[in-house]
Amino acid sequence: MPPKPVLIAQISDLHIKPPGSLAYGRVDTAAALERCVAALNEFLPRPDFVVISGDLADTPTVEEYEYLKLLLAPLQLPFAGIPGNHDSREMMRAAFPLFPYASASGPLDQRVEIGGLDLVLLDSSVHGKPHGELEASSLQWLDATLASAPQRPALLFLHHPPFVTGIWHMDRQNLLNAAELADVVKRHPRVQRIATGHVHRATLTMFSGVAATICPAPNHAVDLDLAKLREPSFRVEPPAFHLHAWFPGEGFGHLVTHQVPIGNFDGPYPFFGADGKLL
Ligand SMILES: [Fe+2]
């Protein structure tokens, strides 16, 4: 039997509104989060940690964070989160005072040690703006944090993708100073994944020599419009989360990212009968 991998679940872009309100007049983001929390609780083997990669609230308001806490209360797994462009640093810090913030004020950067793995959570939010930018203090903290344990594999999480997706209205609000992040990442081979959100759909590319992902959302998806055919739009597509599975081994071990759909699906059914023959 192979050893159990370290499992890091990533959920993103929860967009919680006040109770009874729908996002964009259509999407029940609270019900979507309830289904997501149920899926996380049911998943076996149990994930070791959950990272929420931004846009926890929608407006944001204190009431939304209170409702979010209520919706997250049934979650049976430890978690931390970073702000997205729909969040407020101050409101988030007040709502979740126990997250392991690296500093007492400013960006909500965090480092979480899970088994042999470091999770490095970066705050790319810019007050009142949809785009992302890492502050100089965050970049310095990232560089120092990565330098402090060069042998441990690290997963980087931030809300804004540091790359273009081809979706025009999202690409103008991605991480503005991506080149500065690339410079830091280049210096630290222990970075094994750059995991982001913001676009509400699963995406994979390379960034500064590292596989970089966007996590799908539990609610709505940004319309995959690669030729500016429509005004900015969303679709209600199958909801999902990401599961980063790290297998210890030579060097930095092996990290694989799975997409886990949220919902009730037929199965699982066995491939083989009691006689060992294919059914
Ligand atoms: Fe966002």
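**Close-up 1. Helix α1 and what packs over it.** Helix α1 runs for 14 residues and covers 20 Å from its first C-alpha to its last, close to the 20 Å expected at 1.5 Å a residue. That expected span is 1.5 Å times one less than the number of residues in the helix. This is a predicted model, so local features need pLDDT of at least 70 and side-chain atom pairs count only at pLDDT 80 or more, while totals for chains, interfaces and linings use all residues. Residues are numbered from 1 along each chain as its sequence is written, and side-chain values use heavy atoms, with hydrogens and water left out. Helices (H or I, at least four residues) and strands (E, at least two) are DSSP runs, numbered from the N terminus. Of the 14 residues of α1, 10 are buried, so the helix is largely enclosed by the rest of the structure. "Buried" here means under 20% relative accessible area, "exposed" means over 50%, and "partly exposed" is in between (1.4 Å probe, protein chains only). Among the buried ones are Leu33, Cys36, Val37 and Leu40. The cover over the buried residues of α1 includes β1, β2, α2 and β12 (240-247).

Close-up 2. Cysteine 36 is in no disulfide, and the nearest cysteine sulfur, on cysteine 215, sits 8.4 Å away. Cysteine 215 is likewise in no disulfide, with the sulfur of cysteine 36 as its nearest at 8.4 Å. Cysteine 36 counts as buried at 1% relative accessibility, and cysteine 215 is buried too, at 0%.

**Close-up 3. The iron site.** Which protein atoms hold the iron ion? Its protein donors are Asp55 (OD), Asn85 (OD1), His159 (NE2) and His198 (ND1), lying 2.2 Å from the ion. Donors are N, O and S atoms within 2.8 Å of the metal (3.2 Å for Na, K and Ca); water is not among the atoms, so sites may look incomplete. Along the chain the donors follow the spacing D-x29-N-x73-H-x38-H. Asparagine 85 lies in the loop between β3 (79-82) and α3 (89-95), and histidine 159 in the loop between β6 (154-157) and α5 (168-171), so this pair ties together parts that are 74 residues apart in sequence. Asparagine 85 and histidine 159 are both buried. The angles among the 4 donor atoms go from 86 to 169°, and the site is irregular. For the label: four donors count as tetrahedral if all angles lie between 85 and 135 degrees; four count as square planar and six as octahedral if opposite donors are over 155 degrees apart and all others between 65 and 115; anything else is irregular.

**Close-up 4. Aspartate 118 and its two arginines.** Aspartate 118 is part of strand β5 (residues 117-121) and counts as buried, at 1% relative accessibility. Its side chain makes a polar contact of 2.8 Å with that of arginine 152 and another of 2.9 Å with that of arginine 190. A polar contact is a pair of N or O atoms within 3.5 Å; within protein, one must be able to donate a hydrogen and the other to accept it, and residues adjacent in sequence count only if both atoms are side-chain atoms. Leaving aside neighbours within four places in sequence, aspartate 118 is in contact with residues including Arg111, Val112, Ala149, Pro153 and Leu155; contact means heavy atoms within 4.5 Å.

**Close-up 5. Histidine 188 meets aspartate 143.** Look for histidine 188 in the loop between α6 (178-186) and β7 (191-196). It is buried, with a relative accessible area of 10%. The side chains of histidine 188 and aspartate 143 are joined by a polar contact of 2.5 Å. Beyond its neighbours within four places in sequence, histidine 188 is in contact with Asp143, Leu146 and Ala147.

Close-up 6. Most residues other than glycine have a negative phi, and most peptide bonds are trans. Histidine 15 isn't a glycine, yet its phi is positive, about 50°; this residue is in the loop between β1 (6-11) and α1 (29-42). Lysine 228 also has a positive phi of about 50° without being a glycine. A cis peptide bond links threonine 59 to proline 60, with omega about 0°, and another links glycine 267 to proline 268, with omega about 5°.

How values were computed. Disulfide = S-S within 2.5 Å.
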